[in-house]
Amino acid sequence: MAAVRAVESGERSAAEFFAEPKPAPRPRRTVPAARPGGRDGPRAAPGGGPVAVPEGVTALLAEGGAPASLGAAVAETFGEGAEEVLRADPWELLAVAGVAPEQADGFARALLGPESGPGDERRCRALAVWLLERAALSGHTVLGPEALAGGLARYGVPDPETAVGEAVDAGAVLAFEDAGEEGSGAGEAGADEEEEEGERPVRLLVGLERHALAEESLAEGLARLNSTFTPPGEEEAARWEEAARRAPGPSAAELVRAAARSGLVAHTGGEAARAEPAALVAAARALGLRAYAAAHSEDGRRRLAGPLDAGGGGEDGRDNDPDGGPGPAAVTVDGLLAGREGPGRDEEGAYALDLLAVLDAPQLDAERAAMLVEALPDGARLVLSGDPHLLGSAGAGQVLADLLAARVCPQVVSRTPDPGPVGELVSGIGIGELNQVEAPGREVVIVPVRDAGEAVHRTVQLVADSVPRALGVPAGLTQVITPGHGGAAGTRVLNAALKERLNPGPGRFGGFDPGDRVAHSPAPGHTALGTVVSGDEEGLRLDCSGRAVTVPRERVARTVRHGWAITAHQAVGTRWPAAVVVLPGDAVPALSRAWVYTAFGRGERHLSVVHGVDQALPRAVERIPAPERTTRLRTLLLAQAAQAPEAAG
């Protein structure tokens, strides 16, 4: 801690304590693929057939008092050397999804006996990595050493400050100097209000290698797009200007002009503003460019496809891809990264495109954003577009917020308002105001409840009876959203009640029946909504927005939930004709302005609020912003921008 204070005060250099030199600027690179489930990368999304569990792993788990059911996850995480890894370091069991420190401690005590103490270096190292992984689930790519040491202290590490240094020395954790303000750097101060570079406070940060590589690669990739972009010549600029004049509104025209002049553009706005990047892609395609729009969800892709199909053709009226013939201009980010959708890649491995507009950019975590940007060819145009008021990505990072805060590219702020009573309500929430709105067509309905039991009863009544009868929206097009999975009115309880009313059955396929609505989450932060089709010896067969998915039987319990009721994090990026937001009394700690904004904005035509939190709702909207995330991207972007004039000179 003395070292941290010395560095932050400017008395000492971090290099004296952590032998971690500042990385030199590197050429364009590929973010390395992570080992499946290893600590140096994200766990691979579940897929394929059953995992064979070696007999040695099964015996080791039994010896350590761990359940045999953990065998498949252990084999997935560590591969063929699982037994050797865990015998050498039993606390490596923390790398397996779902294992808590208390369980890893028990496993280690059973294997090591008296040798397993709370200060064991292996335990401290594993806990440090586990805590950083947990922080990543809250969006942080790095933490301050004090925060990490505090987490270690809560798990009984006797000398947590020393343990942080030892984890850095062992290479399990990396240390960084960050010449920026406290917090994420996505705050209020603009570039013109910042202190001189030499006067900025230096702070130490610690993080995992994969997040460090992702943010560094992303910053370099965005700088590369800026530096390799060639502004249009006079004739081409005139064609872009004509396209801007034909744009459907002033904000769309401003976006077209910004994209014409720059390789990187940030665009922000609400739900109605999604039409603006769609108009840009349509205009670019009409100019003969290979242009695509990528959305977070399949629903978002479908909503883009209509405007693009209507306006995205060339002069002959077709949806032109100059190098590939007709092709859909709207894709999903995951589909593009997986190679299922989009233009494919050229001989150098880059996407065969000239312009990419990424909608729902707040849902991009640093790792996916880095992979996406790395695959863009030199000279391409990239537009990152999204609603900054929404809940952020499920993974680590805050790409759009950091890009906006760094101010290293043109920014277009949409002036297109969201229509209707629901749009008016949500727009007010975005600026911290929970206003009453006129809803002559019952577009917004508040249903007060006294307790969780009444909340569940009224929710089922709304979905199954009131909304279909009064508004003509069938139950299948109404989505229930609640803050969490647990509790007396969480997704588990609500889904059980909704299934009993809407699709009763014995749950013959691992608790599911044909026709059940489900949420399939093959990896953290990746949720696909769908319907159960059938089940057999191969697994549970789902229809996820027209895409057939088979979930192996051994993965059903941990990756599939019923989906009549979901959380706001699962719902982001998708909208339904009607949404029922359930706020039971125990939901108060989960409420924030971003949560309310996201949940209330999921209904296109109708919003019902089952309201059991009294004044906690307006208080959350007015006073509780989304929790800040600690990241390095803003600082890295500023450093890249500072180097650009030097390179040009």
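**Close-up 1. Helix H6 and its span.** Helix H6 covers residues 121-137, and its 17 residues reach 25 Å from the first C-alpha to the last, close to the 24 Å expected at 1.5 Å a residue; the expected span is 1.5 Å times one less than the number of residues. Helices (H or I, at least four residues) and strands (E, at least two) are DSSP runs, numbered from the N terminus. This is a predicted model, in which local features need pLDDT of at least 70 and side-chain atom pairs count only at pLDDT 80 or more, while totals for chains, interfaces and linings use all residues. Residues are numbered from 1 along each chain as its sequence is written, and side-chain values use heavy atoms, with hydrogens and water left out.

Close-up 2. Because 12 of its 17 residues are buried, H6 is largely enclosed by the rest of the structure; buried means under 20% relative accessible area, exposed over 50%, and partly exposed in between (1.4 Å probe, protein chains only). Among the buried residues are Arg123, Cys124, Trp130 and Glu133. What covers the buried residues of H6 includes helix H5 (101-112), helix H7 (145-154), helix H8 (160-169) and helix H9 (209-228), together with strands S1 (142-143) and S3 (202-207). At the start of H6, a side-chain oxygen of Asp120 comes to within 2.8 Å of the backbone nitrogen of Arg122, whereas just after the helix Gly139 takes a positive phi of about 100°.

**Close-up 3. Thr77 in helix H3.** Thr77 lies in helix H3, which covers residues 71-78, and is buried, with a relative accessible area of 8%. A polar atom of the Thr77 side chain lies 2.8 Å from the backbone oxygen of Ala73.

**Close-up 4. Strand S8 and its two faces.** Six of the six residues of strand S8 (residues 381-386) are buried, so the strand is largely enclosed by the rest of the structure. In a regular strand the side chains alternate between the two faces of the sheet. Both faces of S8 are covered, with Arg381, Val383 and Ser385 buried on one side and Leu382, Leu384 and Gly386 buried on the other.

**Close-up 5. The strand partners of S8.** S8 pairs in the parallel sense with strand S4 (residues 264-268) over five bridges, and pairing requires that DSSP finds at least two bridges between two strands. With strand S7 (residues 355-358), S8 pairs in the parallel sense over four bridges. Leu384 of S8 is the bridge partner of Ala266 and also of Val358.

Terms used:
Contact = heavy atoms within 4.5 Å. Polar contact = N/O pair within 3.5 Å; in protein donor to acceptor, adjacent residues only side chain to side chain.
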